[in-house]
Amino acid sequence: LEFESKSRDMEGREAFRLCGKSKFSCGLDCPSLRDVFTWELLKTVAMGQVLSLLICGTAVSSQYLVQAGVETPMLQSFLNYVLLLLVYTTLLSTRKGDQNIGQVLRTKWWKYLIMGVADVEANYTVVKAYQFTSLTSIQLLDCFVIPALMLLSWVILKTRYRPVHFVAVLVCLLGVGAMVGADILAGRDQGSAQDVMLGDGLVLLSAVLYAVSNVCQEHTVKKQSRVEFLGMMGLFGTLISGVQLAAVEAGPVAAVQWDLHVVVLFAVYVFSMVALYSLMPVVVKASNATAVNLSLLTADLFSLFCGLFLFHFQFSTLYILSFVVITVGFVVFNAVPT
């Protein structure tokens, strides 16, 4: 017995020596880079940046619409919800059993009503805030969606974060700070300032509403299905935004001078939004709502890069630095599971 024990001990030491006499290389204490940078992580990072590019598409098309004298954000949202209704609500209505649209409405209509109100009003309030406060304030205060999401996920979804996740969020917010600093240096602190307190309050309200909508989305796509979420969002979003459109934008919509240029811009905006809504549940299911919103912090940077060529913005190396910092924070957040 003593001989066998010594033999096993010698075999263990030999295996340790052949492994390079390093706990790191054996993976006994620390994971290797291959364990951290998995294909799933890289795919999540890539899909997150696709979401940012889609948001960039909505921002650029909206900027061109404003230059064309068209300011109808509720109409743009309404068209997005109508397409979601035509595609996903129709698909949901063909399902049978408990997943049929009739059964979903009978049992969970009030949940999707809350989700629809939160999503529609989040989009509307952040656009409205541009009339009262500056671009810099909106970029900074809009980041409030991250702590709001983490708090709601902690309470509702029972998500538990590790210290590294808080560090990653801090890194991402530092990247946003660098982006805002670049805006100020480039003289892009634009926007109205006629009622800053009201504008800042609208941004914070929008962040909270986005957090509610995204937590509901994460719960639905992980517990139910992506088609159910998008189908119900299309149904309730169309109803809510349609009523609000008739109430607040009847005049601006009637004043729109429809031509090919305006129609193409609307098409680009709506296509980008529908693609964004369709892809986001996939990314949320692969990670979580907080991680997705961290990846969306780079959307402003993509819009700025487009603005360098389309709107002749002034370039700053801080934009590149902020993109790298935000991406590093996003990777670190997703490298360790909650």
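Guide: Helix α10 (residues 196-223) packs against helix α11 (residues 226-248) at an angle of about 140 degrees, and their axes are 8 Å apart; axes here are lines fitted to C-alpha atoms, for helices over the stretch in contact, with angles running from 0 to 180 degrees between N-to-C directions. That angle makes α10 oblique to α11, since angles under 35 degrees count as roughly parallel, over 145 as roughly antiparallel, 65 to 115 as roughly perpendicular and the rest as oblique. The crossing of these two helices, α10 and α11, is right-handed, a term for a near helix turned clockwise from the far one by less than a right angle, with anticlockwise being left-handed.

This is a predicted model, in which local features need pLDDT of at least 70 and side-chain atom pairs count only at pLDDT 80 or more, while totals for chains, interfaces and linings use all residues. Residues are numbered from 1 along each chain as its sequence is written, and side-chain values use heavy atoms, leaving out hydrogens and water.

A second pair is formed by helix α5 (residues 73-93) and α6, whose axes come within 12 Å and cross at roughly 160 degrees, and α5 and α6 are therefore roughly antiparallel to each other. Here too the handedness can be stated, for α5 passes α6 in a right-handed crossing. Helix α6 (residues 101-129) includes W110, which counts as partly exposed because its relative accessibility is 43%, buried meaning under 20% relative accessible area, exposed over 50%, and partly exposed in between (1.4 Å probe, protein chains only).

How values were computed: Helix = DSSP H or I, 4+ residues; strand = E, 2+ residues; numbered from the N terminus.
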